[in-house]
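Reader: I would like to learn how to read a few features of a protein model, one at a time. Could you begin with the general idea and then turn to the case at hand?

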Amino acid sequence: MENKYDIFSEKIFNFEDRLVRFAGECIFFTRNLNKSYENEYYKNQLIRSSGSSSLNFGEAQGTISDKDFVFKVGLSVKELKESRNSLKILNYIKEGDETIRLLLLKEVEELIAIASKMIINKK
């Protein structure tokens with residue numbers, strides 16, 4: 001059985017696939033949060049924003065112009081930053097598995113950096 005802390009050990013070089021994995025791992029992470037009003041709120045936010053970042057990037061791949069691409073990837077970055085903020089709040093209140101939380105925070109920082117670089121390169 002795979003170690004649950006190895007979630008990002010497999011290197012994925014396709015950005016869309018990394019976004020999909022990130023969104024999926026956020027779902028898995030939130031399934032184990034304690035039941036409370038606060039956790040439900042941030043759980044729902046994290047699921048929406050992490051999934052939306054992947055969906056927006058999918059739309060970016062179908063754009064015709066560089067301007068459209070930059071706009072859609074910019075939306076993806078916005079959603080990734082929202083995911084990061086939700087994870088930071090959950091980290092602050094020490095909710096959920098600490099190791100997985102920190103791995104998700106590290107991954108979201110890398111995804112933001114990659115997407116931001118794509119935008120810079122298209123401008």
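Author: Angles between axes under 35 degrees count as roughly parallel, over 145 as roughly antiparallel, 65 to 115 as roughly perpendicular and the rest as oblique. The axes are lines fitted to C-alpha atoms, for helices over the stretch in contact, and the angles run from 0 to 180 degrees between N-to-C directions. Helices are DSSP runs of H or I with at least four residues, numbered from the N terminus. This is a predicted model, in which local features need pLDDT of at least 70 and side-chain atom pairs count only at pLDDT 80 or more, whereas totals for chains, interfaces and linings use all residues. Residues are numbered from 1 along each chain as its sequence is written, and side-chain values use heavy atoms, with hydrogens and water left out.

Reader: At what angle do α3 and α4 pack?

Author: The angle is about 160 degrees, and the axes of α3 and α4 are 9 Å apart. The two helices are therefore roughly antiparallel to each other.

Reader: Which residue lies in the loop between α3 and α4?

Author: Lys-94 lies there, between α3 (66-92) and α4 (98-122). Most residues other than glycine have a negative phi. Lys-94, although not a glycine, has a positive phi of about 55 degrees.

Reader: Is Lys-94 buried or exposed?

Author: Buried means under 20% relative accessible area, exposed over 50%, and partly exposed in between, with a 1.4 Å probe and protein chains only. Lys-94 has 65% relative accessibility, so it counts as exposed.

Reader: How many aromatic pairs does a search of the whole structure find?

Author: A pair of aromatic rings is described by the distance of the centres and the angle of the planes. Rings of Phe, Tyr and Trp (its six-membered ring) pair if their centres lie within 6.5 Å, and planes under 30 degrees apart count as stacked, over 60 as edge-to-face and the rest as tilted. The search finds two such pairs. In one, the ring centres of Phe-15 and Phe-57 are 4.9 Å apart and the planes stand at 80 degrees, so this pair is edge-to-face. Because Phe-15 belongs to helix α1 (residues 15-31) and Phe-57 to helix α2 (residues 37-60), the pair ties together parts that are 42 residues apart in sequence. Phe-15 and Phe-57 are both buried. The rings of Tyr-41 and Tyr-42 also form an edge-to-face pair, because their planes are at 90 degrees, with the centres 4.9 Å apart. Tyr-41 counts as partly exposed at 44% relative accessibility, and Tyr-42 counts as partly exposed at 23%.
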